[in-house]
Structure formats: C-alpha cells, structure tokens
2 protein chains.
Amino acid sequence: MIKNKISPGIYLYPMPIVIIGANVKGKANFMTIAWCSIVEHKPPMISISASKTHYTNIGINKNQTFSVNIPSEDMVELTDYIGLKSGRDIDKSSLFNIFYGELQTAPMIEETPINLECKLVKTIDMNKGHDLFIGEIVQAYANEEYLTNGIPDIKKFFPLVFSINDNNYWKVGEHIGRAWSVGKKYNSK
Amino acid sequence: MIKNKISPGIYLYPMPIVIIGANVKGKANFMTIAWCSIVEHKPPMISISASKTHYTNIGINKNQTFSVNIPSEDMVELTDYIGLKSGRDIDKSSLFNIFYGELQTAPMIEETPINLECKLVKTIDMNKGHDLFIGEIVQAYANEEYLTNGIPDIKKFFPLVFSINDNNYWKVGEHIGRAWSVGKKYNSK
C-alpha cells in the first residue's frame, strides 16, 4: 500500500457538537464548538478549545465557570445559528430557557438534553489564537427520558455528529458493537 | 421543564475512536483512545488524554512524537483488541503494517484510512492519573480513495462513533445539514 501525503490539517473524525455557555457582562452568552474532549476521569474534567476572539471567552476568564450543553439533532438549526452569530452583535440569552446550578454563573440550556456545569481549573494559552480551557464537571443534568440505567443514551437524545473541513452534521447511525468486548473476537496473527 | 441532576461524570457525546502510536523500547506500540480533540488550527494541533499507566505514554515522553491513526468501522474488532491488551503483555508491532514519516519515531498504521504524524509540543500533567499530550500535526496521510476535493470524506472512510459510559461503537448515520449554513434558516424569536 502506498500512502499519500495530504497537507497537515485538522483531520479528526468524528467530532461532537456542543454549546458552551458563560455569562458575559451580566448576560448569558453561548458559542457552538466541536473541539471538546474529556481529559480526566476522577474528578471528571473536560477540555474545550476556543478562539480567543470569541465573546464567550471573556466570561469564562472572568467568572472561571462555563457550561457544556449537548444539543440533539432536532436543534441543529438553532445550534448552527449560535455559531454563526457573535454575542457582540446579538443577545443570545433570549434564545433558550436558561437555568443556573451550584456555581451560579454558568448558564445552562433547558432545551438541550444534557448539561455539564464546569469550574475552570486550568487555561492553556495555545499562543496561536486559541484558549484551551479545562473544566471540572461539578454537576451534570439530564432528564430521565434521556437515560438508560442512569446513563445518557444516545439512542434517546440523538447528539449531533460533526465532520470538520467539509463541515457537515450527521446522525448517529447503526450499532456496530460493544467496546472492551468485540475485540475479544479478534484472532491475533 | 424540570431538570434532573445526575452524578457528575464524563458525559460527552459522541467521541471519536483513534489508535495512538509510539515507539516504546525500540518497538512500535499502540493504544486505542476516545479522549482526543483538535485544539489549534494554525499550526494544526491535537490533544490526547491517556492514563499514565498506559505503556504507550512511555514512548511519547521519550521520543516526543506520536501518531494518531483513525480506523474505519471494518477495523472495529482489531481496534477494540488494541484497547484490551497492553504492550507490556503482547507485541502489537506485528498487528499492522507500519510506516514512518519525517519524524522517524512515530509509527503509523498503513491499514487505517488516515494518519496524523505528531510532534509533542506540550504535556499537561492532570495530576489525577492522566497525561494530556498536545501535539503539532506535522504531516497527514490518506489514500486518494478516502478523499473528496482533497479532504477526508467520512462517507468514504467510515470512522467509528463512540458512546462512552455505555461503551458502544456506532456508524455515522444520515446527513442532517451543512455547518455555518443550516443556521441561516433559524428565525430568531
């Protein structure tokens, strides 16, 4: 097999799509991002990378809190709209029903199936245009209808699947197998 | 709407599934992870979070290089197998056809559709059990058959979609819409 070089680029597939919430200048604001990952288990921590130009970053830096809200596929238009507009130009606090948790300054979205309330624990200045924020997930919220055995069930809340560079949203498709399980069938050479 | 609290946890959906490569003690080794994100655009950078107990971490720390290999859905058994076994116990270098790029110490997998060759630029000690490695993607590799207009096309290379906590692999499903586009249809209240 001969491998072709392609230009170095941001080739990671797939990505999640989340809406980040923070209070900026006394008002809830939101941004849509795909550069998000779990980074620690105990306590649970999540990273988000966002361009320093984002209006939402101001609130994260000021309050040291943010929220991660996972939208469902039926919210795709509004989710995309959030990414098209800046809080500098429109008031996004009226787009959702908002609630606050124990941190009091991380606005969360009632309409998204899952909400993670996060306390900023570290900011890594990527020095190239992005802030990498690492937050501890101090509380999580989800309605019973989206859970199976107490755990979020993607076949109940339908998160968006994102492909970068071509910029498309997809549904979660067919089940393939269970992790830490299907590999047992593999016969080593 | 009343929101229920659920225990704080690692609730991010969906996640990618990638195979990380590094040379450990002179031999190519691999680990399967889902905690991976793009963190910077120019130059392209990627983060991976891996438990300090992983054998592969030794090689990343020593050589300051690693690879990110994106498997396709037809590799699910082998991908899962990589995650079930440690390089301390089995020799994973024989599981794939391996090639090296310009960094010379980041082993890449011929069989996976996409490979990212990475130079370690920063390690964040999460101090709780995980290393958060940030690498610059210095080169990327993909065969022509997986590309559309020079960009990886998930409808050609079929990456795995992972749901954590319930630990399931899924296919990418139906197309929903285009990003930075479908939001234009949203009519603000």
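## A tour of strands, interface and core

Start with chain B. Select strand S7 (residues 65-70) and strand S10 (residues 114-125): these two strands of chain B pair in the antiparallel sense over 6 bridges. Keep in mind that this is a predicted model.

Zoom in on B:Thr65. Its bridge partner in S10(B) is B:Lys119. Now stay on B:Lys119 and look toward S11(B). There, B:Glu136 stands opposite B:Lys119.

Next, show all of strand S11 (residues 130-142) of chain B. S10(B) and S11(B) run antiparallel, joined by 11 bridges. Follow the chain through their hairpin, which has 4 residues between the strands. Stop at B:Asn127, which takes a positive phi near 65°.

Now bring in chain A. Select strand S10 (residues 130-142) of chain A together with strand S1 (residues 5-6) of chain B. They pair in the antiparallel sense over 2 bridges. Pick A:Ala140 and find its bridge partner in S1(B), B:Ile6.

Widen the view to the whole interface. Here 90 residues of chain B are in contact with 89 residues of chain A. On the chain B side, colour strand S15 (residues 168-178), which gives the largest share, 11 residues. Then colour that side by class: 49 residues are nonpolar, 23 polar and 18 charged.

Finish in the largest nonpolar core, which has 122 residues. Select A:Ile20, A:Ile46, B:Ile20 and B:Ile46, the residues with the most contacts inside this core. Centre on A:Ile20. Leaving aside residues up to four places away in sequence, A:Ile20 touches A:Phe30, A:Met31, A:Ile33, A:Ile48, A:Thr56, A:Phe66, A:Ser67 and A:Val68. In soluble globular proteins, nonpolar side chains tend to be buried together.

Conventions: Residues numbered from 1 in each chain as written. Chains lettered and ligands numbered in written order. Predicted model: local features only at pLDDT ≥ 70, side-chain atom pairs only at ≥ 80, totals over all residues. Core = buried A, V, L, I, M, F, W, Y, C linked by C-beta atoms within 7 Å. Buried ≥ 20, exposed ≤ 12 C-beta atoms within 10 Å, placed from the backbone. Contact = placed C-beta atoms within 7 Å. Nonpolar A, V, L, I, M, F, W, Y, C, P; charged D, E, K, R; others polar. Pairing = 2+ DSSP bridges.
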